[in-house]
Amino acid sequence: MHKLFYPECIAVIGVSEREVNMGRLIMKNIFEFGYTGEVFPVGRDGGTVFGRDILPSVTDLPKGIDVAIVITPSAIIPEIINECGHKGIKWIVIESGGFGEFSESGKHLGNNVLQAAKKWGIRMVGPNGLGIINMDNSLVTPFVTIQGEALKKGKVAILSQSGGVLFGLINLLGSNNIGVSKVVSIGNKLDLDEIDYLTYLIDDKETEIIVLYLEGISNGRKLMDIAKRTTKPIIVQKTNRYASSNQIARFHTEALATDDRVVDAALKQAGIVRARTFREVVDFVKILSIPPMKGNNLAIISRSGGIAISIADFASEYGFRLSSFSESFLRHVQDTSKGANVIKRTNPLDLGDVFDFDFYAELTEDIMNEKADGVLFQLGTTSDMEVEASIALVETFDHLAGKYQKPISVYFLSDEQSTAYLKRVLNYPLFTDPAEAMLALAVSRDHYRQNREIEQDESFPLFSVDDTTISNILERACKEKRYLVLSEALEITKAAGIDTAPYAVCSDPDQAIEWADRFGYPLALKIDVPSIVHKTDIQGIALNIADHQALRQGFNTLLARARENGFGNGIVVQKWISQGTEIILGGKVDETFGPVGVVGFGGIYAETYNDTSLGILPLTEKEADALIAGLIGYPVLTGIRGQARRDIPELRGAILRLSRLMVDFNEIKGIDINPFILMDDGKGGFAVDARILTGQS
């Protein structure tokens, strides 16, 4: 891929002398930004453009073209691909639209283009995009005019599925004095996708931060793997989150929607930062370009007491702890301050009566030597003189952040003109809203923590599992092309090492009474239905069976109901577990990310709070613990308000065993263990119901 970004000789195909011709605009950008390689324009009408003769055909190109940029009617692109193949061109950037995002015939055309490219060993960017940019060699290929002051050289790479979003991000970053290294408008991802570009960019010495705008994810597993093996921050803005936006996205770049909760879980697990808005993208680039927030202790310095209170509220909202300043430091501030000394010094540090910018710098360095892991400094200006003083102060902050390897987040409050001026001239990030400045610090902290956990995390735990029993049940169901029934799902659950409430499948009441004498009362009775059927829909369950008489009566009622519905597998007689907390354990196979696990509260908690956590499988022990701790009701498990602590290690073990089950047995497409009854600490937990869906389902 190095040759794609660093070509020595390129061709632009689809050029004419017309001012509005998009090929001509590509040529204009290439020359205005100073690309020094050879450039050959191609267009059927000939002529000249920027002092170069327009070749009438691809066949007229010389040998040795590294990259061809194509902006022609889509219908003739397969022919152009073949002509490029004859010329030995191996990289093609297709900026034309009119493919799968447009119509079914366009999708067919795209397949023809892909087949032609594969025939010649050609790799393609796009189609339906703005091309590529490499600021290291001034290669700028979009067909829209880009202003030089907006496109700066820097360390941020951008991959965008939308040309419009790409254009907007370049301008937003540029207005904050943030430059780019490599840029790719990936469009429909007909050939090359975000995985290909990321693989290159994580080793690119010109790139330190990577931003992705995606409407669809090509391979979620590979995305996670790449993120886990790089120290470079990756920021993803993933749109097309809901059904209402899916149709628009499909007509834009052939993107399909993915369950957004799965996307959230996957990105977090991989240490990828997710941005919801374009402004968040820019803010997160800012904060991740300075040293990370390695802990939770925050110092706030403000030129306004009222604003300091507001900032402290945001600090609490994002879970920061306001560090305590030492008495000696506070005395130093009080004694050295040249202000009126009418303000009690604490954290937040209110400097409303101090107007000495050198003193601000001195105090900030002193705080960096205190317990604080980072600083949020609210800086405001009241005059042109203070604007210039602010520039010097922020440059000092840049030095201090590097020296102490701690972040100083600067919230700048002034008029729009002064703010815009400072953003243009400073190489250090500024924030213009206290909530955004605090969110950025929280992102820095969480990103650092997550990546530390990924670095330190242990390997996936191994368990003793009855693989033979599981395989036999799955093979039998697949051979008979049928759904697993309840008893089979429970047997697989037990074989996976997840404790299961004692049960037996009985064909008559007398057999059920024999098992009842072994289990003891109370009992539950359930029709042994296929996993696709919900027992409650056919009134196929009876609970709290207290004696032989109730057992015989309930058994006969359910047996008759089973026969009415065509289920002749018998009745499951099971020990009824009436104590403990109801938990939901489950898993499914996601089209993009593969096996996904879920844990949540059952019973009234499930109905009231929909309290669940998701994780991409397999899981490490730390990841399983993070899922449990991520539940809203987690304090219930830890023994809130004098209640008994639940057996959290047992729950962790059940999650990890379910994880192995989903990963090791590809036939399983979905698992629902609901409920899993979690007992008091040290007393375990029991699966009392299970549904398992297979490929045959």
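**Rings and charges in the predicted model**

Let me begin with R445, which lies over the face of F320, at 4.3 Å from the ring centre; a charge counts as sitting over a ring if NZ of Lys or CZ of Arg is within 6 Å of the ring centre and within 35 degrees of the ring normal. In a second case, the charged end of R518 sits over the ring of W515, 4.2 Å from its centre.

A word on the basis: this is a predicted model, in which local features need pLDDT of at least 70 and side-chain atom pairs count only at pLDDT 80 or more, while totals for chains, interfaces and linings use all residues. Residues are numbered from 1 along each chain as its sequence is written, and side-chain values use heavy atoms, with hydrogens and water left out.

Turning to the aromatic pairs, a search of the whole structure finds eight of them, where rings of Phe, Tyr and Trp (its six-membered ring) pair if their centres lie within 6.5 Å, and planes under 30 degrees apart count as stacked, over 60 as edge-to-face and the rest as tilted. The rings of F5 and Y200 have centres 5.1 Å apart and planes at 15°, so this pair is stacked. Since F5 lies in helix α1 (residues 2-5) and Y200 in helix α6 (residues 194-201), the pair ties together parts that are 195 residues apart in sequence; helices here are DSSP runs (H or I, at least four residues), as are strands (E, at least two), numbered from the N terminus. Both F5 and Y200 are buried, meaning under 20% relative accessible area, with exposed being over 50% and partly exposed in between (1.4 Å probe, protein chains only). Elsewhere, ring pairs link F357, Y360, F377 and F397 into a cluster.

In another, K526 bridges to D689 at 3.5 Å between the closest N and O atoms, and both residues are buried.

Finally, D260, D264, R274 and R276 are linked in a network of salt bridges.

Conventions. A salt bridge is a side-chain nitrogen of Lys or Arg within 4 Å of a carboxyl oxygen of Asp or Glu.
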